[in-house]
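Here are my notes for your review.

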Amino acid sequence: MSADHWWQQGIVYQIYPRSFQDSNGDGIGDLDGIRARLDHLVALGVDAVWISPIYPSPMADFGYDISDYCDIDPRFGTLAGFDALVSEIHARRLKLILDFVPNHTSDRHPWFMQSRSARSDPRRDWYLWRDPAPDGGPPNNWLSNFGGPAWTLDPATGQYYCHSFLKEQPDLNWRNPEVRAAMYEVLRFWLRRGVDGFRVDVLSDLIKDEHFRDNPPNPAFVAGQDPAHRWLPLYSTDRPEMQQIVAELRRVVDAFSDAASSRVLIGELYLPLSRMVAYYGLSAEGVLEGVQLPFNFQLIAAPWQARRIDRLVRDYEAALPAGAAPNWVLGNHDKPRIASRVGPQMARLAAMLLLTLRGTPTLYYGDEIGMTDVAIRPEEVQDPFEKRVPGKGLGRDPERTPMQWSDAPQAGFTTGTPWLRLADDWRERNVESQAGDPASMLTLYRRLIALRRAQPALNRGGYEALESEADVLAYAREFEGQRVVVLLNFGAGAVPLSTTPLPARSIVLASTDPSRGELVQNGSLVLAPYEGVVIGTGSAA
Ligand code: ISL
Ligand code: CA
């Protein structure tokens, strides 16, 4: 496998722009704010920034409802400001990945306003319009991911339109060639401005069943859980026709790639493993024609036990088509934060796992300082999902709170009132306080990232699962004869390692335990509770 592309060797950092840095005191993060904080990314050592949507939007879903694909929302900045950001990002040898939201527009997008204006409008077919069922109800049983039916009646024209999310997010009709052409032009617009790739929102859902058949019941559904899971999304997700669209998207982006700068597509896919890897688009000739990185979210749902994660990594490695680039994710703006899911000690282990597995890591802003989910009072809820399906723990505000930069007022995020409350711990937990602390989460992240960069075995090497004892996950990474062994103790007890073979003349290159030294005595080692170590023969980072 050639590992020459930046998106294979690099590390992606996700910024939720509302919450990263406000530059003008309105309490909402913006592009100038991001520009002012690029040095944090450089010090951290990441390679690419993915910014969640920054386009003009009524903000019904905080930017995932787009009313103009080719401009910047005034709350975030201007196109000129965007161009300045691109130059500064590139000047720092970082890459920029934008969020591309092809499944739906805002209901305020001119395309939808035209489409809904009359059945005879030339843009009518750009969206999914259907007659009511015989009883006047929705055309089928499909559900919105955010609660309620996926259909809303437009009384003026007497038809329902489909929306996989809010009614303010009507789904585009990707069977219509004009829609495809228009959306490919959107990609070209940003590629010409120099962006290095796109994270593609809900990639699996663009094409729906041509007969709009009812989804079948989900046998695993338990009353009280997310109501959207009542049916299996058989006819609304991951249809066979998706593969052709994915290949088309890839060709659009590839046309802008050259030896000096290859552009990347990252697909957001919540699918079972065998279906997720299909989005690499393996052709009959053995060529990968799909997205280069179908997001691998398995660590987000995984039970945090060594044996379970060992199995999951092996299965993933085995399922990858030849030449496919793996990737790993611990969290994002839709899921509870890793530090809250597994606790502060295990979050350090999780950082080591993310940064030593084979494949591109994506890091969610704030995780590098161990930010946790923040309880949001009912009267302060911002997320439309929580508003529509309250009290089930589905809301996404807790993982979207402002970045904690320092112990200055409002954690240095804004001089105004933040759009969402800060975590209570911001005076102690922030970038400034952790930067000089050898025991901090930030120091651990910086060290692991530097080590990954310094050790070809970690960023380019193969993956070899190792047998190990107790609740320890063990694997080796090897590149051109250089071997690194990773040992992660998921258990609450100390583990004297006796069976895992360590490289000759081993030293500890990194540990989650800041008090651990370099020495490995007599080729053996006792792992502390929840300790992870990287063992190799080079010098420690
Ligand atoms: O159904 C899901 C997974 O089981 C959801 O997580 C869903 O796939 C996911 O929420 C899609 O997320 C993306 O699209 C949404 C937006 O609200 C999210 O923030 C975005 O990441 C609609 O654009
Ligand atoms: Ca602002």
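Is Trp190 buried or exposed? Trp190 is buried, at 1% relative accessibility. Bear in mind throughout that this is a predicted model.

1. **Aromatic pairs overall.** The search of the whole structure gives 27 aromatic pairs. Among them is the pair of Tyr55 and Trp190, whose centres are 5.6 Å apart with 55° between the planes. This pair is tilted. Tyr55 is buried, with a relative accessible area of 3%. Trp190, at 1%, is buried too.

2. **A second tilted pair.** Trp151 and Phe212 have ring centres 5.9 Å apart and planes at 55°, so this pair is tilted. Distant parts of the chain are linked here as well: Trp151 is in strand β5 (residues 151-154), while Phe212 is in the loop between β7 (197-200) and α7 (242-254). They are 61 residues apart. Both Trp151 and Phe212 are buried.

3. **A ring cluster.** Tyr13, Phe20, Tyr364, Tyr365 and Trp405 are joined into a cluster by ring pairs. Trp405 also has a charge over its ring: the charged end of Arg37 sits there, 4.0 Å from the ring centre.

4. **Another charge over a ring.** Which ring does the charged end of Arg18 sit over? The ring is that of Trp419, and the charged end lies 4.4 Å from its centre.

5. **Helix packing.** Helix α12 (residues 344-356) and helix α15 (residues 441-454) have axes that come within 10 Å and cross at roughly 15°. Angles under 35 degrees count as roughly parallel; α12 and α15 are therefore roughly parallel to each other. The crossing of α12 past α15 is right-handed. On the α12 side, the contact is made by Ala347, Arg348, Ala351, Met352, Leu354, Leu355 and Thr356. On the α15 side, the residues are Met441, Leu444, Tyr445, Leu448, Ile449 and Arg452.

6. **Ala350.** Ala350 is placed in helix α12. Its relative accessible area is 0%, so Ala350 is buried. What does Ala350 contact, leaving aside neighbours within four places in sequence? The contacts are Trp304, Leu330 and Ile338.

Definitions and conventions
Residues numbered from 1 in each chain as written. Chains lettered and ligands numbered in written order. Predicted model: local features only at pLDDT ≥ 70, side-chain atom pairs only at ≥ 80, totals over all residues. Heavy atoms only, no water. Phe/Tyr/Trp six-rings, centres within 6.5 Å; stacked < 30°, edge-to-face > 60°. Buried < 20%, exposed > 50% of the residue type's maximum accessible area, 1.4 Å probe, protein only. Helix = DSSP H or I, 4+ residues; strand = E, 2+ residues; numbered from the N terminus. Lys NZ or Arg CZ within 6 Å of the ring centre and 35° of its normal. Axes fitted to C-alpha atoms, helices over the stretch in contact; angles between N-to-C directions. Parallel < 35°, antiparallel > 145°, perpendicular 65-115°, else oblique. Left-handed = near helix turned anticlockwise from the far one by under 90°. Contact = heavy atoms within 4.5 Å.
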